[in-house]
4 protein chains.
Amino acid sequence: MVEGRSDAVEGGRIRLGMVGGGQGAFIGAVHRLAARMDDQYEFVAGALSSNKKRALASARDLGLDPDRSYGTFEDMAKAEAGRTDGIEAVAIVTPNHMHAPIAKAFLKAGINVICDKPMTTSVKDARELVRLVNKTGLVFGLTHNYTGYPMVRQARAMVAAGDLGDIRMIQAEYAQDWLTEKIESSGQKQAKWRTDPKQSGGGAIGDIGTHAYNIACFVSGLTLDSLCADMSSFVKGRKIDDNDNILLRWKGGARGMLWASQVAVGHENGVVLRVYGSKASLEWHQEDPNYLRFTGYGQPPLRITRAGPGSNADAGRVTRVPPGHPEGYLEGFANIYTEIAQAIRAQRSGKKPDPAIVFPTVEDGLVGMQFIEAATKSSAKGATWVKV
Amino acid sequence: MVEGRSDAVEGGRIRLGMVGGGQGAFIGAVHRLAARMDDQYEFVAGALSSNKKRALASARDLGLDPDRSYGTFEDMAKAEAGRTDGIEAVAIVTPNHMHAPIAKAFLKAGINVICDKPMTTSVKDARELVRLVNKTGLVFGLTHNYTGYPMVRQARAMVAAGDLGDIRMIQAEYAQDWLTEKIESSGQKQAKWRTDPKQSGGGAIGDIGTHAYNIACFVSGLTLDSLCADMSSFVKGRKIDDNDNILLRWKGGARGMLWASQVAVGHENGVVLRVYGSKASLEWHQEDPNYLRFTGYGQPPLRITRAGPGSNADAGRVTRVPPGHPEGYLEGFANIYTEIAQAIRAQRSGKKPDPAIVFPTVEDGLVGMQFIEAATKSSAKGATWVKV
Amino acid sequence: MVEGRSDAVEGGRIRLGMVGGGQGAFIGAVHRLAARMDDQYEFVAGALSSNKKRALASARDLGLDPDRSYGTFEDMAKAEAGRTDGIEAVAIVTPNHMHAPIAKAFLKAGINVICDKPMTTSVKDARELVRLVNKTGLVFGLTHNYTGYPMVRQARAMVAAGDLGDIRMIQAEYAQDWLTEKIESSGQKQAKWRTDPKQSGGGAIGDIGTHAYNIACFVSGLTLDSLCADMSSFVKGRKIDDNDNILLRWKGGARGMLWASQVAVGHENGVVLRVYGSKASLEWHQEDPNYLRFTGYGQPPLRITRAGPGSNADAGRVTRVPPGHPEGYLEGFANIYTEIAQAIRAQRSGKKPDPAIVFPTVEDGLVGMQFIEAATKSSAKGATWVKV
Amino acid sequence: MVEGRSDAVEGGRIRLGMVGGGQGAFIGAVHRLAARMDDQYEFVAGALSSNKKRALASARDLGLDPDRSYGTFEDMAKAEAGRTDGIEAVAIVTPNHMHAPIAKAFLKAGINVICDKPMTTSVKDARELVRLVNKTGLVFGLTHNYTGYPMVRQARAMVAAGDLGDIRMIQAEYAQDWLTEKIESSGQKQAKWRTDPKQSGGGAIGDIGTHAYNIACFVSGLTLDSLCADMSSFVKGRKIDDNDNILLRWKGGARGMLWASQVAVGHENGVVLRVYGSKASLEWHQEDPNYLRFTGYGQPPLRITRAGPGSNADAGRVTRVPPGHPEGYLEGFANIYTEIAQAIRAQRSGKKPDPAIVFPTVEDGLVGMQFIEAATKSSAKGATWVKV
């Protein structure tokens with residue numbers, strides 16, 4: 001491939017383990033594929049299910065050595081830490097409430113962590129992880145995967161370069177419709193745990209609102225000051241929020257709105273980010289991710305293609321195929337994995353990581369949890385303003 | 001034309017006058033063209049400018065009888081009311097602060113009124129107009145012209161027929177960028193009066209927010225309960241709001257957001273309405289107005305074309321050309337004029353107007369003013385919830 | 001309106017008559033509306049139907065003086081030519097086979113002609129009209145209305161200015177689906193005459209292919225050298241072509257393809273023009289007519305909006321409303337009428353018309369007939385190359 | 001992942017080798033990634049460059065055992081055929097003129113072949129490969145990768161099910177702009193060999209025209225009868241065609257056009273397929289590949305999303321992530337690899353392959369070469385009709 005990504009391996013693949021992601025799971029297979037795409041990881045160990053039988057069967061399906069299929073994450077952390085060929089990183093792909101204890105166990109065992117989002121189910125746990133990461137110096141990557149899309153990188157670089165002038169407004173949304181009806185009552189596995197506050201720690205706000213918020217922060221480089229969140233549960237009997245309308249006030253004066261919904265009929269994974277500055281604006285759609293619309297004030301809108309004319313180096317370094325050959329969700333997800341791999345290689349060699357390497361970190365996870373907590377508090381008070 | 005509109009004239013054209021709309025004005029020529037499109041009006045009199053010389057020159061340009069070019073609206077109302085061939089309706093196309101006094105003068109003179117929006121600059125004035133219209137029984141049409149688009153009619157009918165189920169969310173926006181810089185200081189005539197609170201009565205909220213709100217009400221059939229408006233002036237020294245982020249709570253439980261901006265770089269007249277129900281959703285864009293996207297839950301999205309398959313009678317009766325031949329802003333505007341003409345014809349003949357006739361009325365004007373007033377109040381209190 | 005078009009009347013409206021266009025007709029009402037839009041014409045006489053009763057009823061509907069409703073076009077030409085207030089122009093909106101005799105009658109009576117397309121049903125008749133127009137010096141406008149769209153004007157000006165470099169390829173299409181089934185057998189009036197070779201003079205090639213060809217010539221400024229036409233009748237028993245695939249070779253070396261179809265399910269009025277040069281390309285869609293996509297080689301595509309940034313004077317002078325307020329089919333059609341009005345005003349005053357005035361002429365009509373005849377000949381010979 | 005694809009491994013990965021694809025090559029890395037995506041292959045041997053030093057360096061980059069990095073494909077075929085753990089399949093990713101000799105060598109050595117397109121540079125060579133494959137019974141997959149896109153599978157299944165009725169027209173295109181200028185003279189490696197008739201065997205017709213033709217055949221299920229090809233070289237001094245306009249006549253009466261261009265400014269990889277039948281039509285764009293537009297006659301167009309409502313099993317079985325999460329070029333390419341892996345697994349086990357397995361075969365390669373040869377012949381004769 002002529003572009004930024006290559007499958008050349010420097011110094012051997014990184015040994016990867018996984019907690020969660022067994023038969024019937026969704027996001028685990030995405031993580032494995034993302035790890036595999038650029039050939040930077042070797043998947044060698046797992047505690048793939050809390051159900052031991054399913055864990056073993058899943059390991060067999062995936063060609064894991066049965067000796068490295070563990071019944072519990074605690075066993076896995078301990079055993080792998082003790083092996084000379086033990087895993088160098090663990091991917092955590094369980095329901096949300098388990099992220100924190102698992103991450104802690106592996107960090108304490110000296111193993112780098114790649115964790116699905118939202119990072120925890122409380123700000124307190126998030127702070128504890130930040131503390132542990134800082135103390136251990138380990139790599140901690142959070143799979144806010146939308147930051148891996150090349151045109152999101154492009155957007156971030158354009159804002160940072162001042163192409164938009166002063167940021168005035170940010171309009172972010174993530175709309176889905178899969179929870180339009182009460183499918184959690186019909187045994188759908190994904191719906192069941194995601195609508196159970198104990199396992200998910202929240203509804204649309206944590207599952208998808210935090211993604212929209214994350215790319216708003218990532219692209220704009222801004223820090224939120226306060227928010228006013230009007231959260232609803234439109235489906236009767238549902239215990240978590242399924243639609244969130246949120247006003248945002250950013251430090252420095254920018255304003256914005258964020259809409260997260262899982263009951264918006266006609267939307268699949270409608271992540272949309274629009275950023276408006278005093279000089280220009282940009283617009284990006286996850287469902288058509290290879291393009292960025294950029295409009296200078298008083299100029300016709302440009303349609304910038306990934307790796308095409310007007311595309312910058314930040315997009316190029318996470319690109320695999322030429323413009324007009326679409327890349328998608330998995331490529332974006334893989335970019336996060338490959339960036340983390342580069343950080344781990346730097347760690348291996350004791351060098352400082354290349355400053356061009358970018359991936360969501362434990363601090364981003366904390367910021368996300370603070371957003372969720374503030375929104376939940378605002379909504380509980382009748383949608384009043386809450387400082388983040 | 002094979003469709004709903006025809007230029008057949010029943011019983012003679014309606015005699016129309018105009019206040020405002022002289023040389024250099026924008027919306028006056030739009031009103032005249034809208035009146036002319038279906039050949040239902042004859043433009044015969046005007047007080048086209050508050051500047052007498054310009055008024056006369058404008059009248060000459062437009063081929064008016066100089067005797068019916070008036071120096072003041074008061075003179076015009078009086079003189080026309082006294083003629084046997086006097087105007088049957090007046091179009092008011094002045095800056096906003098003059099709408100109420102002019103409308104009152106003509107209503108009192110027994111002349112039907114077609115008024116540009118926002119109807120007044122205060123709820124008090126709006127109530128007074130409602131009172132006068134009810135008292136006189138005259139026709140009062142408000143040119144919230146976006147309700148004239150066929151696919152907006154289609155949307156309204158689909159909601160009314162229950163095609164969407166219970167309405168849950170309404171996302172409305174009207175984004176422009178023409179006030180991104182401080183052009184009001186450079187002598188641009190439109191910018192000057194529209195950013196002067198005395199003439200306009202408010203900024204983006206009245207100029208365009210009220211349009212977005214109007215079609216949200218029109219299509220959904222819902223009544224607003226309360227709102228929380230975060231209004232900004234991003235351009236230094238500007239006296240009115242140029243960006244409004246608003247949370248909406250509708251009676252019956254629906255929620256929504258409304259965004260009005262005149263500093264959103266890259267937007268021209270970006271009116272977008274999205275309505276989500278328990279069974280389906282619909283989406284309409286003013287800049288691509290001949291299409292309606294309709295998605296039933298669990299169904300692929302449909303693209304319904306004006307006058308094409310799936311298009312209903314409500315769209316058809318305000319349609320002129322076959323599907324695939326686009327109609328635009330002027331046709332939508334003309335639909336309002338032609339609907340009002342039909343109401344005036346009913347009045348002429350003493351018959352009840354056909355219930356299919358729909359146009360924004362003095363009551364809609366009051367609803368709009370209440371919205372503006374509530375938003376302004378909410379914003380002044382730091383963006384807190386205000387009952388409408 | 002702030003843009004190029006105005007409804008100011010200089011020296012009185014132009015007196016217009018019409019042949020055809022009575023009750024149940026389609027294109028007649030479009031012509032009347034187009035004439036009315038900018039208030040440049042006064043519609044005063046007609047021979048609206050070959051059926052006398054319908055002619056009179058139609059005249060009454062439209063508010064014509066009964067004395068100026070004629071039973072035949074011959075009577076009309078004679079009577080109007082003899083009046084001091086007789087018509088200055090006639091609009092011919094009959095089935096195609098009547099265009100030539102009617103046009104001749106009015107030209108001979110000294111009356112300007114506005115004729116629907118295709119101009120005639122033979123090259124011979126077309127040549128005769130060219131001769132007559134040249135001899136009389138009268139204005140002859142042909143309503144190839146797509147040339148009236150502002151962004152088609154913009155495209156033409158960009159090509160003429162060399163923005164595209166040398167033209168290499170032209171891809172033109174006009175796809176419809178209304179003749180997918182044999183509706184001519186079910187009494188549909190439009191389908192009946194348009195699929196009758198005697199009345200239409202040909203099928204898709206003349207009805208719509210000639211439109212696509214016309215804007216290809218208009219925008220590129222090129223002259224066709226030869227063509228190879230593969231014409232089909234997909235619907236059994238149909239006497240005219242309903243799908244035409246055509247290869248084009250232009251003088252100077254450009255190549256192209258043209259597709260005209262009336263059996264292309266899913267298309268309404270899909271006129272698309274794409275022009276590629278050595279330096280840049282442009283793309284225009286009639287169903288989304290307010291935008292032009294322009295791409296310089298090695299540059300991101302620009303989306304130029306009618307009257308917006310990057311829009312030129314050629315588009316501006318035929319524009320009525322600001323960017324983001326869509327104009328459509330009727331506005332484009334009206335531009336042809338208003339351009340012709342300007343030419344007639346120049347004639348009235350004995351002045352040379354402003355060179356900026358552009359509308360399809362009798363010569364364009366001849367070029368169109370030569371295209372139809374060459375395509376028909378090519379197809380009859382098994383789709384071989386034919387010089388135009 | 002909840003969808004059709006899984007990374008479960010049955011019976012161990014398939015041992016894969018590669019000829020070509022060393023440092024600086026494009027398509028080799030794409031093949032390796034495609035092989036890796038679903039974890040069905042293990043890449044173990046290569047003759048990665050005709051330059052021995054580069055071959056070895058490339059092998060090292062990719063972590064190959066140096067013993068299995070070969071200097072020539074002949075050595076590789078021989079050595080690997082002699083190993084018990086030798087490769088089970090070879091991917092051929094060299095310039096076109098080498099495909100045939102390499103494929104023959106591996107087929108003769110009893111090794112399955114995955115070959116890039118066009119398959120050969122002559123019909124004669126193509127026939128020889130067909131003969132060899134039939135004789136050996138080996139698996140031969142041709143990477144006409146666009147057939148791997150889920151929505152292309154969906155389209156094919158819909159046509160096969162009769163959803164479109166009788167096919168009437170097929171409009172296919174593949175437009176690029178990368179050869180707009182004479183970059184082959186400036187040392188661009190890809191341009192150099194692709195515009196050299198000796199290495200490529202032809203220009204746009206073979207490089208991309210054959211892709212467009214392949215999916216037209218794949219989706220429609222039709223066989224071409226004859227064609228008329230007008231091929232050009234717009235760039236001076238270029239030895240191969242860079243723009244091809246082709247008329248198509250299919251057996252059974254359907255007609256069509258095919259446009260392949262590498263000088264169409266503004267196009268990146270614009271593969272577009274439109275198929276029209278007596279009952280419905282469908283449209284697919286490679287640059288927005290997750291959607292299929294389907295329109296039943298007299299119905300509003302549907303937008304069918306990959307894995308979404310209306311998406312069928314044929315799309316589902318080659319899908320990895322939920323609707324709204326875009327898949328792209330690499331996923332489509334990987335589908336070809338994974339289908340071939342399934343065929344090889346069937347071969348391993350001596351079972352008949354699942355009839356659901358679909359990938360382009362050696363026969364498709366022959367059909368492609370016949371198309372190229374017929375087009376070249378037609379063009380040489382001045383664009384006359386040639387039977388295929």
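What pLDDT does chain A average, and what share of the residues score at least 70? I looked that up before anything else. Chain A averages 95, and 98% of the residues score at least 70; pLDDT is the predictor's confidence in each residue, from 0 to 100. For the complex, I noted an ipTM of 0.95 and a pTM of 0.96 from the predictor.

Ground rules, for my own use. This is a predicted model, where local features need pLDDT of at least 70, side-chain atom pairs count only at pLDDT 80 or more, and totals for chains, interfaces and linings use all residues. Residues are numbered from 1 along each chain as its sequence is written, while chains are lettered from A and ligands numbered from 1 in the order in which they are written.

**Domains of chain A**

I found chain A divided into domain 1 (14–145 + 356–361) and domain 2 (149–317 + 366–387); the bounds come from an automatic or database domain assignment. Taken over C-alpha atoms, the centres of the two domains of chain A are 26 Å apart. Domain 1 of chain A puts 18 residues into the contact and domain 2 of chain A puts in 18 residues (contact: C-beta atoms, placed from the backbone, within 7 Å). I sorted the domain 1 side by class: nine nonpolar, seven polar and two charged (nonpolar is Ala, Val, Leu, Ile, Met, Phe, Trp, Tyr, Cys and Pro; charged is Asp, Glu, Lys and Arg; the others, Gly among them, are polar).

**Chain D against chain A**

Here I get 36 residues from chain D and 36 residues from chain A. On the chain D side, helix 1 (27–37) and helix 11 (329–349) are the elements that give two or more residues (DSSP runs numbered from the N terminus: helices are H or I, at least four residues; strands are E, at least two). Helix 1 of chain D gives the most, six residues. By class, I have 16 nonpolar, nine polar and 11 charged residues on that chain D side.

**Chain C against chain D**

This contact takes 29 residues from chain C and 29 residues from chain D. On the chain C side, the elements giving two or more residues are strands, among them strand 6 (167–175) and strand 9 (255–261). Strand 9 of chain C gives the most, with four residues. The chain C side holds 15 nonpolar, 10 polar and four charged residues.

I then checked the symmetry. Chain C superposes on chain D by a rotation of 180 degrees with 0.0 Å of shift along the axis, RMSD 0.0 Å (least squares on C-alpha atoms of residues with pLDDT of at least 70 in both). That is how a two-fold axis relates copies. C:Thr384 has the C-alpha nearest the axis in chain C, 3.5 Å from it. I also saw that 100% of the interface residues of chain C are interface residues in chain D too, so the copies meet through the same surface.

Terms used: Contact = placed C-beta atoms within 7 Å.
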